[in-house]
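Open the model in your viewer and have the selection tool ready. We will go stop by stop.

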Amino acid sequence: MTPLKIYDTYTREIRPFEPVNAPFVGIYVCGPTVYGHPHLGHARGPVVFDVLHRFLVHKGYKVRFVRNVTDVGHLVNDADEGEDKIAKKAKVEQLEPMEIAQFYTDSYHNMLLSMNVKPASIEPRASGHIIEQIEMIKTIIDKGFAYESNGSVYFDVLSYSKSHDYGKLSGRVIEDLIAGAGNEARELEGQDEKKNANDFALWKKAGPEHIMQWPSPWSNGFPGWHIECSAMSRKYLGDTFDIHGGGMDLLFPHHESEIAQSMACTGHQPARYWMHHNMITVNGQKMAKSLNNGISIDEFFSGNHHLLEKAYSPMTLKFFILQAHYRGTLDFSNTALQASEKGLNRLLTAEDTLQSIKTGNSSDIHIGELAQKLENALNEDLNTPILIAELFDVVTKINQLASGQLNISESDLSELRKLYSTYVFDILGLKKESEASSEKIQGVMQLLIDLRQEAKQDKNYALSDTIRKKLSEIGIELKDGKEGTSFTIN
RNA sequence: GGUCGGAUGGCCGAGUGGCUAGGCACGGGUCUGCAAAACCCUCUACAGCGGUUCGAAUCCGCUUCCGACCUCCA
């Protein structure tokens, strides 16, 4: 098998993937902050890293895939004085904070489930790892890279940058950060407690209004923005693991800070490869809560949003995401979505066609060559659009086989079926969405189809067309083919 | 203001210094009582201006436009 190559944001180059300890692979992906329903943008990361996950498994690696849930720790810095994001919402809705977290975690899981994303091996919650975070903070203080101030603990960026390269991942220069150009009038809470404006919180002392707080050596409070990922990735994957993933918007300060924390604590780079997927945009702009241009997943699947011409299925969204390379921005539009919908249908129809091909003695299909092409596509930094293009070429071949323009042997056909479903279902993780029709429905439909057939034979087209039309109105499409009539339920 | 990235045919989106993905739409066709679906064929683009080169959409420079990050963010 030819090796996978991936683009590493840290070194800004494409490198062959070499696990620390093959065949084991450790992946950590930053999950959501569960304070709202997931929107379209939230779907991209899970889909991209799911393909990575599945492809590595396909290549024979034993993967431990960790995706966290952030249920504490992210500060709000608008309006009030840095309340915990989740605690703030809880007050508004008069609910327990953990109730909120659970509610939106479930919502997130529903999205993953509907999009056929494999569950993570471990899904740690920040609130369940307060002790690990405190321990890590202690070590960082001991090593002289953090200091306590008025019950809070801050990471000492200046001190750290004397011996380490703070800013390398995100391409930032420490001097520029200190100069803080363009960052005027940004009043973060406790700014005066810091030695330097760029120092970030490892632990924050909580006021009495904070519902989520824990005891620590420094104060009753809560962990800072970035420490959870460092603590949890270390706990489950070790000081240095293979791949750390997330959205590009997390590059700075989140991932930059993670590196600093881990280096300060363990002396090791936390991850060998940093993978960042790009954003989904609407009219060229990032979909973000603050821009108010978000389409929630529920709205997307129900079509209930002014930007949507219709409802789109989870697989349509997945295919739409997969048709673009993960490092490029992906612009939302109805026409693009509808193109994906049809393309996906073509891909899945071919899988059916594949089941009814007649075999011969000769074979025009070179399975080995084909398999290599498909694998090579993903080997090149997970190039799913190329893979999909190759698969469409296979679709054309499948159709030619079905129409007798090409021949295939029994064994090659069996191989082709396996290969096709491996890539479409196992690696891309697509699935057929047509409702699993019960036997009773099947029976009723067959009855209608037979009755309509009789009408057609009697040249009673008015009746046969009425049957077709009425069924269409309730979302059942009849398709008259050579082999008889079939139906689909929308 | 700083840093980084991008401009590809009607739309979405790959990609390589020469052999010019793929999907969708459009157009034509097969099939059909008619449709729909499905299938086949067709459509040749790389922001502008310079430069390097035998040859550039692909490398370099400039210009214009767009975006991301610098603040919670997938």
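Which exposed residues does the face of α3 turned away from its buried side carry? Select N110 and L113: these are the exposed residues there. Exposed means over 50% relative accessible area, buried under 20%, and partly exposed in between (1.4 Å probe, protein chains only).

Before moving on, a note on the model. It is predicted: local features need pLDDT of at least 70, side-chain atom pairs count only at pLDDT 80 or more, and totals for chains, interfaces and linings use all residues. Residues are numbered from 1 along each chain as its sequence is written, chains are lettered from A and ligands numbered from 1 in the order in which they are written, and side-chain values use heavy atoms, with hydrogens and water left out.

**Helix α3**

Now select residues 97–114, the whole of α3. Helices (H or I, at least four residues) and strands (E, at least two) are DSSP runs, numbered from the N terminus. α3 has 18 residues and spans 26 Å from first C-alpha to last, close to the 26 Å expected at 1.5 Å a residue. That expected span is 1.5 Å times one less than the number of residues.

Colour the buried residues of α3: P97, I100, A101, Y104, T105, S107, Y108, M111 and L112. Look down the axis: they fall within an arc of 155°, so they line one face of the helix. The arc is taken from the directions from the helix axis to the C-beta atoms. After α3 comes N116, with a positive phi near 60°.

**Helices α4 and α7**

Select 130–142 (α4) and 227–237 (α7). They pack at about 100°, axes 9 Å apart. Axes are lines fitted to C-alpha atoms, for helices over the stretch in contact, and angles run from 0 to 180 degrees between N-to-C directions. α4 and α7 are therefore roughly perpendicular, a term for angles of 65 to 115 degrees.

Show the side chains next. E132, Q133, M136, I137 and I140 of α4 meet I227, E228, S230, A231, R234 and K235 of α7. Contact means heavy atoms within 4.5 Å.

**Backbone stops**

Most residues other than glycine have a negative phi, and most peptide bonds are trans. Go to A22 and P23: the bond between them is cis, omega near 5°. P23 sits in the loop between β2 and β3. The bond from F252 to P253 is cis, with omega near 5°. P253 is in α8.

Finish at L382, in the loop between α12 and α13. Its phi is positive, about 60°, although L382 is not a glycine. L382 is buried, at 2% relative accessible area.

How values were computed:
Parallel < 35°, antiparallel > 145°, perpendicular 65-115°, else oblique.
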